[in-house]
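Trainee: Could we go through this structure together, one question at a time?
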Amino acid sequence: MFDWLFNAVGWLIAWIYSWSNSYAVAIGAMAIVVMVIITPLTLKSTRGMLEMQRLQPELRRLQIEHRGDKQGLNESMMKLYQEHKVNPLASCLPLLAQMPVFIIMFRMLTGLTSRPSPDAGFAPKHLDTSSELYRSLVGQDEMRSVGLDLAVHPIQVMQDNFARGLIYAGLVVALAAIYWVQQRMVASRTVSPTMSASQQKIMQYLPVAFAGFQVFLPTGLVVYYFVQAVIRIGQQAYITKRFYGGDDSIGRQAQQASAKARELKEDDVKKSKKAEKTGPTEQFPSKRVTQPKNKKDAPSGPAPSRPTPSKETSTGSSTPPKRPKPPQR
C-alpha cells in the first residue's frame with residue numbers, strides 16, 4: 001500500500017549515493033533531510049509547549065477550584081485555552097511526525113541489506129535495479145563504509161570478535177553521550193510543575209537507555225541516529241537562543257509560570273496534609289463524659305421524681321390519721 005513512499009525514499013538514497021559513492025554519506029544525508037522537514041514542526045511545538053507552561057498557574061488554580069468536578073474542570077480548561085488561543089496538542093506534532101519517519105527509515109535501511117536466505121547475498125528492496133546503489137549491493141555480504149560494515153549488528157560483531165566489536169560499541173557509546181548532552185540542554189531550561197526530581201532524572205536518562213538498544217539494530221541505523229543527534233544539539237542551541245534569549249522572552253515567562261505553579265501545588269499538598277491530620281474529630285471534639293468505673297450506668301433521660309415519704313414510727317409503721325370527734329347532743 002505504501003510501496004510508493006518507500007520507493008521514493010529509496011530513489012533519494014540512491015541519488016545521494018550516485019554522487020557521494022559512500023553508504024555512510026547517503027544515510028547521513030537522509031538524516032539531514034528528515035531533520036530539515038521536522039525542524040519547523042519542532043519549533044512550532046516548542047512555542048506551543050511554552051504557551052502551555054505560561055498557563056500552568058491558572059490551570060493549577062482551576063484544578064483546586066474544581067476539585068471533584070471533572071466536567072467543570074474540563075469546561076474551564078477549554079475556555080482558558082480558547083481565551084489565550086493555545087492548542088494543547090501542538091507539542092505532540094514532532095512525536096507524531098517522527099513515528100512514521102522512524103518506521104520508513106527502519107524498513108528502508110534494513111531493506112537495503114535484506115537476504116532471501118541466511119547464506120545468500122543481499123537482495124536490496126525499494127531500489128531501482130538500474131541504480132548504482134542497487135548494483136553495488138546486490139549479491140554482496142557486506143555494506144562497508146568508513147571502515148565499518150553497516151549491515152551487521154554491533155552485538156553480533158562483539159559476540160564474534162570482541163576486540164573488533166569495540167569499535168561498533170564505541171559508536172553506540174558516542175551516540176548515548178550525544179543523547180545525554182542533548183537532554184541536559186533541554187532539562188536546563190525546562191521546569192515542570194507536575195514532575196518530581198526523580199521523574200525528571202528518568203526522562204533525562206531515558207534517551208541514553210534508548211541508545212543502548214542500538215546494539216541490536218543494524219549499524220547503518222546507528223549512523224543515521226548519530227547524525228540526527230548531532231543536528232539536534234545545534235537545533236536545541238538555536239531554540240535556547242530564540243525562545244530564551246531575553247528576560248521578557250516567552251521561555252523566561254514560561255519558567256517563571258512553571259515555578260509559580262509548582263509553589264501552588266506544594267501549598268495545596270501542605271493544606272491537604274494538614275486537613276488530614278486535624279480531621280473532623282479534632283475540629284469538633286465530643287462532649288461525652290466517660291462513666292466512672294465500678295458504678296452502674298445511670299439511666300438516660302431526666303431522673304424520675306420520687307414520692308414524698310410518709311412519717312414512720314420507730315417500729316417502722318406509719319402513723320394512722322386522726323378521726324374527727326362526733327358532735328355533742
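Here is our conversation about the chain and one of its pockets.

Mentor: This is a predicted model, where local features need pLDDT of at least 70 and side-chain atom pairs count only at pLDDT 80 or more, while totals for chains, interfaces and linings use all residues. Residues are numbered from 1 along each chain as its sequence is written, and side-chain values use heavy atoms, leaving out hydrogens and water.

Trainee: How many helices and strands are there in the chain?

Mentor: Helices (H or I, at least four residues) and strands (E, at least two) are DSSP runs, numbered from the N terminus. Along the sequence the pattern reads α-α-α-α-α-α-β-β-α-α-α-α-α. The count is 11 helices and two strands.

Trainee: What percentage of the 329 residues is buried?

Mentor: Buried means under 20% relative accessible area (1.4 Å probe, protein chains only). Of the 329 residues in the chain, the buried share is 36%.

Trainee: Which helix gives the largest share of the lining of the second largest pocket?

Mentor: A pocket is an open set of points on a 1 Å grid over the protein atoms alone, with protein on both sides within 12 Å along at least five of seven lines, and lining residues have an atom within 4 Å of a point. Thirteen residues line this one, with Val-9, Met-30, Val-34, Ile-37 and Val-101 nearest its centre. Helices H1 (3-20), H2 (23-54) and H5 (93-112) each give two or more residues to that lining. The largest share, six residues, comes from H2.

Definitions and conventions. Buried < 20%, exposed > 50% of the residue type's maximum accessible area, 1.4 Å probe, protein only. 1 Å grid on protein atoms, 1.4 Å probe; cavity = no way out; pocket = protein on both sides within 12 Å on 5 of 7 lines; lining within 4 Å.
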